[in-house]
Amino acid sequence: MAHLDLEEQEQLDQLKHFWRQYGNPITWVLIAVLAAVAGWNLYQYWQRSQASQAAAMYDEVERIAVTGDVAKLERALGDMKEKFASTTYAQQAGLLAAKVYVDAGKLDAAKGALLWVADKSSDEGYQAIARLRLAGVLIESKAYDEALKQLAGNFPADFAFLADDRRGDVYLAQGKKTEAVAEYLKAYKGLDASSEYRRLIDVKLAALGASVQAERAAGGAK
């Protein structure tokens with residue numbers, strides 16, 4: 001029994017020695033770990049709170065968009081930009097507002113909203129949509145060089161044919177038939193034969209007398 005007591009006392013002494021030597025570092029590590037966990041939980045809560053508030057504000061933007069009240073829409077979009085610029089709801093609000101502005105003939109406001117989405121969004125899909133729509137607004141404004149700048153560079157694979165098609169629209173508006181046909185053909189080849197959008201491009205090519213070229217391009221792409 002005394003032998004066990006001695007062993008226990010020795011272990012206790014070793015534990016005390018270990019704690020005197022390493023107790024403070026271990027304590028600080030535990031505090032750091034607990035602080036990190038608490039910080040992560042707080043961040044997650046903040047993210048959820050931001051998303052919830054942004055969703056509610058987007059619902060308000062959507063409601064105003066239905067009414068077509070441009071002044072109220074500008075204020076609501078401004079609030080979203082200020083408070084929730086990093087959320088996808090803000091990007092969606094920018095795209096929606098741009099459509100309302102175009103319908104109302106407010107092309108400058110539409111350009112501003114689309115430029116903001118293209119510049120601020122971290123999602124390449126939203127960026128692509130904004131650039132494509134902005135190019136369309138610029139075509140309507142006859143700002144053809146600016147439209148081509150928006151269509152320059154790389155687009156995600158799912159949007160590449162749309163960029164080709166939109167470049168064709170720019171060249172067609174400029175009266176550059178050869179360049180327009182070339183871009184439409186690129187878009188045509190990038191689409192599946194069953195695609196409805198391909199049929200639309202085929203109509204454009206036919207109007208330019210280039211439907212035979214489209215057939216050959218499709219055949220060469222197989």
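A quick word on the model: it is predicted, so local features need pLDDT of at least 70 and side-chain atom pairs count only at pLDDT 80 or more, while totals for chains, interfaces and linings use all residues. Residues are numbered from 1 along each chain as its sequence is written, and side-chain values use heavy atoms, with hydrogens and water left out.

**Salt bridges**

Searching the whole structure turns up eleven salt bridges, each being a side-chain nitrogen of Lys or Arg within 4 Å of a carboxyl oxygen of Asp or Glu. Here are three of them.

| Pair | Closest N and O atoms |
|---|---|
| D103 and K99 | 3.2 Å |
| D165 and K204 | 2.9 Å |
| E183 and K186 | 3.4 Å |

Helices here are DSSP runs of H or I with at least four residues (strands are E runs of at least two), numbered from the N terminus. For burial, buried means under 20% relative accessible area, exposed over 50%, and partly exposed in between, using a 1.4 Å probe and protein chains only.

Take D103 and K99: both sit in helix α3 (residues 88-103), four residues apart, or about one turn of the helix. D103 is exposed, at 59% relative accessibility.

E183 and K186 are three residues apart in helix α8 (residues 177-189), so about one helical turn separates them. E183 is buried at 11%, whereas K186 is partly exposed at 39%. These two also belong to a network of salt bridges with D164 and R167.

Then there's D165, which pairs with K204. This pair links distant parts of the chain, 39 residues apart: D165 is in helix α7 (residues 157-173) and K204 in helix α9 (residues 196-207). D165 is buried, with a relative accessible area of 2%, and K204 counts as buried too, at 19%.

**How α7 meets α9**

Helices α7 and α9 pack at an angle of about 20°, their axes 12 Å apart. The axes are lines fitted to C-alpha atoms over the stretch in contact, and angles run from 0 to 180 degrees between N-to-C directions. The two helices are therefore roughly parallel.

Which residues of α7 meet α9? F161, L162, D165 and D169 do, touching Y197, I201 and K204 in α9, where contact means heavy atoms within 4.5 Å.

Terms used: Parallel < 35°, antiparallel > 145°, perpendicular 65-115°, else oblique.
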